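Let's take a friendly walk through a protein model together. Have a look at the sequence and the structure first, and then read on.

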Amino acid sequence: MSAQDEQFEAAAPEPGAPCADDGMTWWYRWLCRMAGVAGGLSCAFAGLWNCVTINPLNIAAGVWMMLNAFILFLCEAPFCCQFIEFANAVSARADKLRPWQKAAFYCGMAVFPVMLSLTLTTLFGNAIAFATGVLYGLSALGKKGDAISYARIHQQQKQMDEEKLTGALEGQGL
C-alpha cells in the first residue's frame, strides 16, 4: 500500500461513523470555504508585496501572511495543494474541527501579522482571512430561533414583570 493510498484512507470518513453535524447549511459551508480561498489569495499577494521592503518587521509580517495563505489553502481548498502529500489528511483533520475552533484559529493567525507591522497592506491583506474566522464564529453561534419561541418567551417575561409590579404595589399599599 502506497503512502498516497494511506492518505486517502485517512481522509475518507469511516463507514458507519456519525457525520459531524455542525448545524451549517451547504451554502454557508461553501461561503466559508470561498471566503477562506479569497483570504488565502489576499494574504499571499499582500504578503508578497509586504516582503518587498527593507524593514525587517514588514518582511516578517509578509512571510507570516504567506504562511497564513498556505494554511488557508491547505485547510479550505486542498485541491490547490494537490502535489503536497499530506494535503488531504490535513484538510480532513481541519474538517473535523468545530466551527468555533476554526474561528479562533483563523482570526488569531490573521491578527498576528497586523500586530507585527501595522500597515495598510497587512490590514487589507488579512481582512478577508479574518472575515473567514468571523463567518465560522457566526456559524458556531447556531441558528436563529423561530418567532413563536421568541413570542412565548417574551409573553412569559411580560407576565413575570406584571406579577412583580403588582406584588410591589400591594406591598406599598399595606
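Predicted model: local features only at pLDDT ≥ 70, side-chain atom pairs only at ≥ 80, totals over all residues.

**Aromatic rings**

Tryptophan 27 counts as exposed, at 51% relative accessibility.

Residues are numbered from 1 along each chain as its sequence is written, and side-chain values use heavy atoms, leaving out hydrogens and water.

Tryptophan 27 and tyrosine 28 form an edge-to-face aromatic pair, 5.8 Å centre to centre with 85° between the planes. Rings of Phe, Tyr and Trp (its six-membered ring) pair if their centres lie within 6.5 Å; planes under 30 degrees apart are stacked, over 60 edge-to-face, and the rest tilted. The structure holds four aromatic pairs, and ring pairs also link Phe105, Tyr106 and Tyr136 into a cluster.

Now for the cysteines. A disulfide is a covalent bond between the sulfur atoms of two cysteines. A search of the whole structure, looking for cysteine sulfur atoms within 2.5 Å, finds zero disulfides. Cysteine 32 is buried, with a relative accessible area of 0%, and cysteine 75 is buried too, at 8%.

Finally, find tryptophan 64 in helix α3; helices are DSSP runs (H or I, at least four residues), numbered from the N terminus. Tryptophan 64 is partly exposed, with a relative accessible area of 31%.

How values were computed: Helix = DSSP H or I, 4+ residues; strand = E, 2+ residues; numbered from the N terminus. Buried < 20%, exposed > 50% of the residue type's maximum accessible area, 1.4 Å probe, protein only.
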